[in-house]
Amino acid sequence: MRIYEEKNYENLSLRAAGLMAAEIIKKPECVLGLATGSTPIGTYEELCRKYQAGIISFRQVTTINLDEYLGIPSEHSQSYRHFMEKHLFSHIDIKRENTFVPDGLPTDAEWECTAYDAFIQSIGYADLQLLGIGRNGHIGFNEPGLSFIKETHVVDLAEDTVLANSRFFECLDQVPRQAITMGIGAIMAAKRVLLIASGEEKAEALHAALCGPITPACPASILQVHPDLVVVGDEAGLSKVPEEVKRCR
Ligand code: F6R
């Protein structure tokens, strides 16, 4: 594990985008696993700037997203497909046919999950998987539970997650209660995992993820055994992680 402690969110975003850009430069046809939510927005902005400056091109890149709400169409303003269009895809030269987000309105959700896993496996998993972390330690929408679920699956969102996500909807009732999420298997099969966390509200979860027991009660804790985990946090996000852990770079 390698931990980068950055002064603030802006620096965190610069660092994370720099690491992602390096991956694209090293392997132009790389597979990037992508996350949504507030945390990666700055990273995506910086990646767009790097593209506009001619430093990187996404022409040969394939992307696979972690998750999508179940029950809303991709055109919905809060769908994760829409999020990716707004914050990244519409600003860069990626081919739309190389961007993959689970279908939020599948005719058969079980089939959609199986097909998503089979596809990720067929392209050899992500070269780099970007992850945020929920306040409850979720990654993707792998919520705390009794076991780690390896496969892509339909998940009932935890009450805390629904509450956290309600800031993007007009009212709590509009927040989808279910999602399709990539499982722990595909996340752990990524060659490199880049976990980003910002702000005091993530400090507890990040501490549990990096220093606590490996347990499905904190899904992110499984990342402790990933062979190439890179954590980029700001000072507030890393405030509960002891110095000796931060130093073990
Ligand atoms: C979204 C996702 C989630 C978020 C997490 C943190 O694709 O995978 O695990 O990364 O909920 O969200 P923010 O960044 O909004 O705090």
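In the predicted model, helix 1 comprises 18 residues, spanning residues 9-26. The buried positions of helix 1 are L12, S13, A16, A17, L19, M20, A21, E23 and I24. These buried residues pack against strand 1 (2-6), strand 2 (31-34), helix 2 (41-52), strand 6 (128-131), strand 9 and strand 10.

The largest nonpolar core contains 32 residues, and L131, I139, M182, L195 and L223 have the most contacts inside it. At least two residues of this core are supplied by each of helix 4 (109-122), helix 6 (184-189), strand 9 (192-197), helix 7 (203-211) and strand 10 (229-234). Helix 7 provides the largest share, with four residues. When neighbours within four places in sequence are left aside, L223 is in contact with L131, I139, I187, M188, V193, L195 and L229. Another core, of 29 residues, lies apart from this one and has L12, I56, V61 and L194 among its members.

D108 is located in the loop between strand 5 (99-100) and helix 4. Its relative accessibility is 40%, and D108 is therefore classed as partly exposed. The side chain of D108 reaches the backbone nitrogen of E110 at 3.1 Å. Between D108 and S198, the separation is 90 residues in sequence and 36 Å in space, C-alpha to C-alpha.

Methods: Residues numbered from 1 in each chain as written. Predicted model: local features only at pLDDT ≥ 70, side-chain atom pairs only at ≥ 80, totals over all residues. Heavy atoms only, no water. Core = buried A, V, L, I, M, F, W, Y, C linked by side-chain atoms within 4.5 Å. Buried < 20%, exposed > 50% of the residue type's maximum accessible area, 1.4 Å probe, protein only. Contact = heavy atoms within 4.5 Å. Expected span 1.5 Å × (residues − 1). Polar contact = N/O pair within 3.5 Å; in protein donor to acceptor, adjacent residues only side chain to side chain.
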